Amino acid sequence: MLSLNKDHNPLTNKELIGSFSEYKDGLQNLLAETDTLFQKLNPLPEPAHTSSFSLKNVLHGLPKFLLSTSSHKNQDPLPQIEADEEGGIYPDWKKKLDQALIHLEQEIEQEVNVRDFGAAGDGITDDTEAFRKAIGHGRAKVLIPAGVYITRGIRLPSWTMLIGAGKGLTTIKLHDKAPRGRQLVTNSSHWRGNHHIYVQGMSLDWNVERLDPYKKTASGNNQSSCLTYAHVTFGWVKEVEGINPGLHCFDVSSAIYTYFGDATRARRSSRYIWLDQLNGYGFGDDGITTHHSVNILISNCHLCDPSGRSHKEGFSNSNGIEVDDGSRNVMLLNNSTTRCFGGVEIKAHHNSAAASNTQIVGHISINDNRAYNFRHIGHHIETDPESKTAFNIKASHIVAVSPIRTPLYKDSTPRAMVISAYKNVAINHFTVIGDPEYDYRGEPIIAVQYRSRNIILHDLKIRDFKTAGADIKVFGGPHGADSVEIRKVKIRNSAPTAVHIGPDIQSIKISDVQAVCEKGNKGLVVDQSNAKIEDFHSLGYKTPISIANTQQA
């Protein structure tokens, strides 16, 4: 079985993902197909949010007014994906970021070496003051030769480039006496904000060993991470390794996280950020996370093996890549995750706006508990308020290999994909491979549930989940899914039931499904009579199709 360790080279992800693909018409054509599918969904609009104005309301809600904004003020369509001259795939807004990099290089006034300011890089000496002097007030390119540099934290002003000799060569490590809430590298002013900051070529060791091994490692909000961009406009992080942070390896954030309710986003967000060729492991919460920020590109990254120590033991929602509260226009390109709770999680807490306008192009998840997990917590069941902001996900050319149970979240069942509460979701060309010897305990592998709407699953290849309950299950009932289409699916030697459709779903379409199983039970189960079914072919199942108390041979 395929396994990737913490030293996996993420630049090989594109080739690795492609090795699982049967699509032969080229990535650009695949993305065009995904766009067409998404538009056929006739995407539901985000509802408008209004609030009454009065002096009493303003005074009562002053913290909310100062720290957050209504999400409807920032609505925008999904960014278009374009190809550059070298055939690379990027969101259309990246051109603005490329121009900002040219501007940054023009504004650099001096190139300095941190050793010239007294840095020892010997893994013993406190080099904090040497970094402070070398960085100065910005407009500097600071070179960091190979070595281990002990600091109490580095703060980067605008117009700064921090360049090491490479991952594993240049290491910046937190001092043994640094407090638990310390960010190892961050921008200098979270409240006023910074701009044009570039970090490249180093390992960032949060030195978790300095803490009590039996206590939580994070101190709250956006602290305790290897690298945090909080309220940064135009930022780059390239070829950097995050090691054992208390919270996150890499966090693209607003000045602070806010929780004033669905349809609110924090002010002072980060914008136009590119994270590329990053590795991270041992994270207390997530490897890469985004909060309340806009226009973020995450490419060619590998995240694995979280510690989960920022959570209560056995209840650790530690994800490889998490697109979280209030994030918009995030694109994930050719990344990999392994042995996390969630490989990719797109979500929000119940008291924040959901992440929206997220696009995934190429991802491989190996042995993550929930390979792809899309949810707005607290907006799922019938008695919950319906999410006002969980909209718009497109995922193309993605792979899930052997989701498994994990001690990180001891009661969580393995899933290749879960869609909950989100509306307007197009999944295209999804390869799902199980372990035929693993005990999936009769659970479904792909679950569409909890008031999700306007969902299309297209071009799925699923195999080897022999002990699962169903390969695809669309949950019905009072808090089930609706407006779901499943088409062009191939299932081979997998679960006893290929596709299971729950009751009381108003709109469900199934077409062009081929399911083959050696010892199958039911090819298609539909717990209602109004499903639209075309070209469903099953072989090796005792009952090929079972619809609303009738059976078809």
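**Entry 1: second largest cavity**

I began with the residues that line the second largest cavity: Pro79, Pro91, Trp93, Asn329, Val330, Met331, Asn357 and Gln359. This is a predicted model, so I am reading coordinates from a prediction. Which strand gives the most to its lining? I found that E23 does, with three residues. Strands E23 (328-338) and E25 (356-366) each supply at least two residues of that lining. By type, I noted five nonpolar residues, three polar and no charged.

**Entry 2: second largest pocket**

Next I looked up the second largest pocket, which holds about 330 Å³ of space. Of the 15 residues lining this pocket, Arg370, Asn373, Arg375, Ser412 and Gln449 are the closest to its centre. I checked the strands here too: E26 (370-376) and E28 (415-420) each bring at least two residues to the lining. How many of the lining residues of the second largest pocket are charged? I got four charged, alongside six polar and five nonpolar.

**Entry 3: helix H2**

I then turned to helix H2, residues 27-40. With 14 residues at 1.5 Å a residue, H2 should span 20 Å, and I find its end C-alpha atoms 20 Å apart, which agrees. Which residues of H2 are buried? My list has Leu30, Leu31, Thr34, Leu37 and Phe38. These cover an arc of only 115° around the axis, so they sit on the same side of H2. On the face of H2 turned away from the buried side I found the exposed residues Gln28, Gln39 and Lys40. Just after H2, I noted that Asn42 takes a positive phi of about 55°.

Last stop was strand E10, residues 170-174. Is E10 mostly covered or mostly uncovered? I have it as mostly covered, with four of its five residues buried. I looked up its pairing next. E10 pairs with strand E7 (residues 147-151) in the parallel sense, over five bridges, and in that pairing Ile150 stands opposite Lys173 of E10. E10 also pairs with strand E12 (residues 194-205), again in the parallel sense, over three bridges. There I see Ile172 standing opposite Leu204 in E12.

Terms used:
Residues numbered from 1 in each chain as written. Predicted model: local features only at pLDDT ≥ 70, side-chain atom pairs only at ≥ 80, totals over all residues. Heavy atoms only, no water. Expected span 1.5 Å × (residues − 1). Buried < 20%, exposed > 50% of the residue type's maximum accessible area, 1.4 Å probe, protein only. Arc of directions from axis to C-beta. 1 Å grid on protein atoms, 1.4 Å probe; cavity = no way out; pocket = protein on both sides within 12 Å on 5 of 7 lines; lining within 4 Å. Points joined across faces, edges and corners; volume = space filled by probe spheres on them. Nonpolar A, V, L, I, M, F, W, Y, C, P; charged D, E, K, R; others polar. Pairing = 2+ DSSP bridges.
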